[in-house]
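I opened the model to go through it chain first, then core, helices and loops. My notes follow in the order I looked things up.

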Amino acid sequence: MKYHLGALLLLFCGHLCSGWFKFQGDLRLINPRTLQRYLRFGNSLSHWGYEHGANESPPDQWDKKFPACKGAQQSPIAINTAKTIRSSRLEPLLFHAYSSFPEANLWTVVNNGHTVQFGGSYNSSYLPTLSKGGLAADYAFTQLHFHWGTTSLRGSEHVINDKRFPLELHIVHRHSSGDNREAHGNSTGLAVVGILFELTSDERKRLRQLDTIAEALTEVIEQNKPANVTLEHFTLSGLLPPSTGYYRYMGSLTTPPCTEAVQWFVMKKPQKITEKQLSAFRRLDDGNGLSGLDKLGDNFRPLQAPYQRRIENYRGKELRFSQ
Ligand SMILES: [Zn+2]
């Protein structure tokens, strides 16, 4: 019986691992199309995870298969605001076309066993784009996804003054010019906006856009079954906090392959989330466990050493949008 199971796993792995091997090492070696798939649909490869278990390698072993994970510019990090650098050269981020909708208001949502991820197809003139804020170029929106806890005492990846938040949203953008290979071959290929959510018991203070997200999550309870959902009135601008203040530093993807190509902007002002909204995230299956009933959560990477990195602090003004 064991032998048959092994053979079956090998067959399955032959299919899956061919993709997995491509993800080892430097992202520059990756076929741009594979990378595009990673950015749009997430890393659905199942060989890594967040807990010590038989079927997946936990964060302290990611570097065995993904050497970049032991680099000196890894994310997430703890931010001690007293040690951040207030830089006069910094300016607000400009969120261009953040209020636009994808074609037909259609979003592709996938629970990839590590997170839940949202992406959409935009007409090129309406593509949400990030610029300014010290960025040397425009960065086009690619996907957004979340990290959360199985309890509200934890969940965020970044920690501010020793405080963890129950949920963190990542809005991922890619360098607009050049192809993927070029964008990921340098340390500024990606720009990610991190938004922290703190718990509120006051329904009126909750971020209402998360109700739309929560409804969409019911379509992707099962792992690796993407769904196309129509989200009326859902825009990226509706996710942003009302102030532009941010912490900025050079870091990495917080999941394998841990590529050090990310300019991080962690927004200072948290948004608010209710237990009810959080429970929608905690209902997603993680595809692990013998029963198949394990739930996705605590999908945050342990804190990484900051080493000598500068963490810049932009005080913040009112949010700027342009159409
Ligand atoms: Zn993330």
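I looked up burial first: of the 323 residues in the protein chain, 41% are buried. I used the C-beta count here: a residue is buried if 20 or more other C-beta atoms lie within 10 Å of its own, exposed if 12 or fewer, and partly exposed in between, with C-beta atoms placed from the backbone. The model is predicted, so local features need pLDDT of at least 70 and side-chain atom pairs count only at pLDDT 80 or more, while totals for chains, interfaces and linings use all residues. Residues are numbered from 1 along each chain as its sequence is written. I noted that pLDDT is the predictor's confidence in each residue, from 0 to 100. The protein chain averages 85, and 79% of the residues score at least 70. Over residues 1-31 pLDDT stays under 50, and the model has 22 contacts for them beyond four places in sequence. A contact here is a pair of residues whose C-beta atoms, placed from the backbone, lie within 7 Å.

Entry 2, overall make-up. I found six helices and 16 strands in the protein chain. These are DSSP runs numbered from the N terminus: helices are H or I, at least four residues, and strands are E, at least two. I then checked contacts between residues at least 6 apart in sequence; 75% of them join residues at least 24 apart.

Which residues have the most contacts inside the largest nonpolar core? I listed L167, I171, V192 and F265, in a core of 60 residues. Strand β10 (residues 190-199) gives the largest share of this core, seven residues. A nonpolar core is a set of buried Ala, Val, Leu, Ile, Met, Phe, Trp, Tyr and Cys residues joined through C-beta atoms within 7 Å. In soluble globular proteins, nonpolar side chains tend to be buried together.

I looked at α5 (residues 209-217) and α6 (residues 275-282), which pack with their axes 9 Å apart at an angle of about 30°. Axes are lines fitted to C-alpha atoms, for helices over the stretch in contact, and angles run from 0 to 180 degrees between N-to-C directions. The two helices are therefore roughly parallel to each other; angles under 35 degrees count as roughly parallel, over 145 as roughly antiparallel, 65 to 115 as roughly perpendicular and the rest as oblique. I recorded the crossing of α5 and α6 as left-handed, that is, the near helix is turned anticlockwise from the far one by less than a right angle, with clockwise being right-handed. At the meeting point, L210, D211, A214 and L217 of α5 face Q277, A280 and F281 of α6. E215 is also in helix α5. Is E215 buried or exposed? E215 counts as exposed, because 12 C-beta neighbours lie inside 10 Å. From E215 to A280 I read 7.9 Å, C-alpha to C-alpha, across 65 residues of sequence.

I found a cis peptide bond from S75 to P76, with omega near 5°; P76 lies in the loop between α3 (62-65) and β1. Another cis peptide bond joins P256 and P257, with omega about 10°, and P257 lies in the loop between β12 (246-251) and β13 (262-267). Phi is positive at A104, near 60°, and at N105, near 55°. A104 sits in the loop between β3 (93-96) and β4 (106-111), and N105 lies in the loop between β3 and β4. A104 is exposed because its C-beta has 10 neighbours inside 10 Å, whereas N105, with 14 other C-beta atoms within 10 Å, is partly exposed.

H96 is in strand β3 and is buried, because 22 other C-beta atoms lie within 10 Å. D63 lies in helix α3 and is partly exposed, with 16 C-beta neighbours inside 10 Å. Beyond its neighbours within four places in sequence, D63 is in contact with C69 and K70.
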